[in-house]
Amino acid sequence: MDFKQTTQLIYFLLYVYFIPGCTTVIVDEVKHQASTLNIKESIVVIGRRSGSDYETEPELISCIGSVLGQGENGINVIPENDFVDRLYPWFEARTAPTHIKGLHRLISYDKIAEIIDDYNVHYIVWVDGNTEKTRGSGSISCGISTTGVACFGFGTWDNSAEYEASIWNYRTRTFVGKISSVAEGTSYMPAFVVPIPLIAPVQADACKAMGKQLQNFFK
Amino acid sequence: MIYLNQIFIMVTRLVMFGLVLSLLLSLMSCKSTLEVEGNFPTPVINIIPLNVGIIYEEQFRSYRYIEKNEERNGWEIGIGKSQVKLFNTVLGAMFKSVVVTESEKMITNISADVPNTSMDTSIDLYFKPKVEEFQYNVPDETDINMFEVWIKYNMKVYDGQGQLIADWIQTAYGKTPTAFFKSQERALNEAMIIALRDIGAALSLRFIHIPEINIWLKQKQSLSQIRKHYKNHMSQAELITVLLANNSLNLGYL
């Protein structure tokens with residue numbers, strides 16, 4: 001095997017090693033009112049944390065925020081932590097408003113309204129959902145000896161990411177619409193001496209789809 | 001050349017043996033230690049115009065949970081420093097002024113709970129938190145991929161004379177999902193911080209709605225209004241008569 005062939009083999013192995021599994025994404029949108037956003041205005045994306053057996057992942061929220069901020073139609077997004085910390089204790093898991101009426105009550109307190117106005121927030125986006133493993137099969141066994149470590153076998157599993165975003169207009173105190181993003185994918189891990197993970201980026205794909213759809217929502 | 005090869009094989013075997021031994025040792029020692037660390041934001045709430053003394057007992061300041069169940073991983077979780085930090089931040093924002101009091105110096109011989117009446121007459125309320133119970137779950141123990149923490153606090157509030165006003169239980173709950181590349185320590189620390197934020201939120205929003213405290217605050221308010229109104233025009237005896245008529249006599253305020 002000459003140098004060129006060796007290089008090609010290394011490239012092929014690297015490609016195989018980092019190749020992602022397949023994901024299917026379905027996005028739905030319901031819009032009750034027109035929603036526009038001026039250049040100087042901001043939105044805040046907050047995760048719902050009131051579910052008893054799941055929690056909207058903080059990394060998903062920051063991922064949606066970064067997707068919304070990208071490109072020519074980039075939107076000014078206030079980081080979730082900054083917003084929630086500055087308005088402590090009103091946006092904690094047990095105290096955050098779950099309905100638009102709750103927001104009405106909350107902003108009747110001047111100090112809270114002042115802080116939200118200070119951020120120049122026009123829309124509040126509540127994201128609820130999570131990513132979970134729905135099925136798994138196969139097995140991989142690894143052995144260790146004085147000659148080294150080796151793994152053999154095959155594993156596969158399905159992941160499902162289901163998220164729903166409720167959009168509230170802070171200025172008019174109304175519910176504007178909903179966007180849902182459902183991603184499903186299967187990951188594979190064949191192991192022949194070295195395990196080769198072919199991971200389906202389910203959460204990342206759900207995040208990208210949700211972020212792009214939200215960008216269009218505010219056009 | 002053969003001699004060199006033998007040395008090479010020996011060294012390789014020694015390295016591999018060392019690796020296997022260290023792997024086995026790391027698997028055998030399952031004890032994990034966590035000192036909870038984090039920052040807490042200042043609550044956005046109306047200030048209650050009272051001077052408050054906080055009593056932290058040494059057991060509270062240095063609270064450590066040590067897992068004694070042999071079937072579980074041996075976690076040792078230190079939350080004392082963080083919970084003191086949380087209560088200082090939250091109570092500091094809730095009241096006009098807050099002082100941290102050394103409990104040992106405050107205790108009378110009558111009761112281990114009641115602060116000494118002769119200590120500080122400018123303090124309206126004494127606040128004393130205590131951890132009653134602590135529980136946690138790691139993902140391996142439940143069906144959900146989350147770290148969960150429960151803390152049961154006993155809160156006691158005394159007036160400036162050391163009389164118990166309110167005694168109630170407040171629970172804190174925090175959970176955090178597992179994530180790729182996130183260590184168990186980091187995930188549990190996050191769940192702990194969420195639980196402490198939860199107790200801070202409950203305390204700051206519920207405090208004046210605790211029935212006994214609410215009654216005490218109303219009494220204090222009406223008392224100060226009566227005193228303000230009559231003080232310049234009445235003798236001490238007349239003032240006592242008015243206060244008795246209003247059911248708000250508390251000799252400590254006279």
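The legends below describe close-up views of a predicted model. Local features need pLDDT of at least 70 and side-chain atom pairs count only at pLDDT 80 or more, while totals for chains, interfaces and linings use all residues. Residues are numbered from 1 along each chain as its sequence is written, and chains are lettered from A in the order in which they are written.

**View 1. Packing of helices α2(A) and α6(A).** Helices are DSSP runs of H or I with at least four residues, strands are runs of E with at least two, and both are numbered from the N terminus. Helix α2 (residues 58–68) and helix α6 (residues 202–217) of chain A pack at about 45°, and their axes are 8 Å apart. Axes are lines fitted to C-alpha atoms, for helices over the stretch in contact, and angles run from 0 to 180 degrees between N-to-C directions. α2(A) is therefore oblique to α6(A); angles under 35 degrees count as roughly parallel, over 145 as roughly antiparallel, 65 to 115 as roughly perpendicular and the rest as oblique. Residues making the contact include Leu60(A), Ile64(A) and Val67(A) of α2(A), with Cys207(A), Met210(A) and Leu214(A) among those of α6(A). Two residues are in contact if their C-beta atoms, placed from the backbone, lie within 7 Å. By class, the contact of α2(A) with α6(A) has nine nonpolar, three polar and two charged residues. Ala, Val, Leu, Ile, Met, Phe, Trp, Tyr, Cys and Pro count as nonpolar, Asp, Glu, Lys and Arg as charged, and the others, Gly among them, as polar.

**View 2. Contact between chains A and B.** Chain A contributes 20 residues and chain B 18 residues. On the side of chain A that touches chain B, α3 (80–86) and α5 (110–118) are the elements giving two or more residues. α5(A) gives the most, with three residues. The residues on this side of chain A comprise nine nonpolar, two polar and nine charged.

**View 3. The hairpin of β7(B) and β8(B).** Strands β7 (residues 146–159) and β8 (residues 164–177) of chain B run antiparallel and are joined by 13 bridges. Two strands pair if DSSP finds at least two bridges between them. Asn154(B) has Ile169(B) of β8(B) as its bridge partner. Four residues lie between the strands, and Gly162(B) takes a positive phi near 90° in this hairpin.

**View 4. An open sheet of three strands in chain B.** The strand order is β1-β4-β3, with mixed pairing. β1 (32–35) and β3 (64–66) stand at the edges with a single partner strand each, so one side of each has no neighbour in the sheet. Three bridges join β3(B) to the antiparallel strand β4 (residues 75–78), and Arg64(B) has Gly78(B) of β4(B) as its bridge partner.
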